[in-house]
Amino acid sequence: MAFTFPSASDLSIRFPEFDGTDNATLLAALDEAQGAVGQHWNSQRDYTLGALFYAAHVLVMRGEGTGKEAAIFAAGMGSIRSISDGGVSLTRDVQSSARGSTTGDTTYGREYQRILRRNVIGVTVAGVSSL
């Protein structure tokens, strides 16, 4: 049985913080999310939630939405991990792009990761020897 992919209205209903985001932007985020979920997932529910959380992650990373995280990314401060005031200190995370994934950088992305782990089996390579 093929799963049904969520729509832009599904995204707005699940996450009202994107209600004011134009439809083309929502569709672009959902298009990106299609590559992040698969028909092999355990259920329609996980497939839908995975796509919606991934799309929300993409939107927040682009500064879309009304939440605090979106405002931080819109201001270009998404990579900042700590700020001090006395003596001024600023720490940026340059690791997320080096890891090859930014899904750990937003609450939506972390929830997507949790759903992903439920649906994708990890592979471990053992006993590798050189020829």
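Contact here means heavy atoms within 4.5 Å. Helices are DSSP runs of H or I with at least four residues, numbered from the N terminus. Two quick notes on the source. This is a predicted model, where local features need pLDDT of at least 70, side-chain atom pairs count only at pLDDT 80 or more, and totals for chains, interfaces and linings use all residues. Residues are numbered from 1 along each chain as its sequence is written, and side-chain values use heavy atoms, with hydrogens and water left out.

Start with H3 and H6. Which residues in H3 meet H6? They are Arg45, Asp46, Leu49, Gly50, Phe53, Tyr54, Ala56, His57 and Val60. On the H6 side we have Tyr108, Gly109, Glu111, Tyr112, Ile115, Arg118 and Asn119. The residues of this contact divide into eight nonpolar, four polar and four charged. Nonpolar covers Ala, Val, Leu, Ile, Met, Phe, Trp, Tyr, Cys and Pro; charged covers Asp, Glu, Lys and Arg; the others, Gly among them, are polar.

Now the geometry. Two packed helices are described by the angle between their axes and the distance between the axes. Axes are lines fitted to C-alpha atoms, for helices over the stretch in contact, and angles run from 0 to 180 degrees between N-to-C directions. H3 spans residues 44-61 and H6 residues 107-119. Their axes come within 8 Å and cross at roughly 150°. H3 and H6 are therefore roughly antiparallel (over 145 degrees).

Next, H2, residues 23-33. H2 packs on H3 at about 120°, with the axes 8 Å apart.

Last, the aromatic rings. Rings of Phe, Tyr and Trp (its six-membered ring) pair if their centres lie within 6.5 Å. By this rule the count comes to eight aromatic pairs. Tyr54 and Tyr112 form one that is edge-to-face (planes over 60 degrees apart). Their centres are 5.0 Å apart, with 70° between the planes. Tyr54 sits in H3 and Tyr112 in H6, 58 residues apart.

Key:
Helices (H or I, at least four residues) and strands (E, at least two) are DSSP runs, numbered from the N terminus. Angles under 35 degrees count as roughly parallel, over 145 as roughly antiparallel, 65 to 115 as roughly perpendicular and the rest as oblique. Rings of Phe, Tyr and Trp (its six-membered ring) pair if their centres lie within 6.5 Å; planes under 30 degrees apart count as stacked, over 60 as edge-to-face and the rest as tilted.
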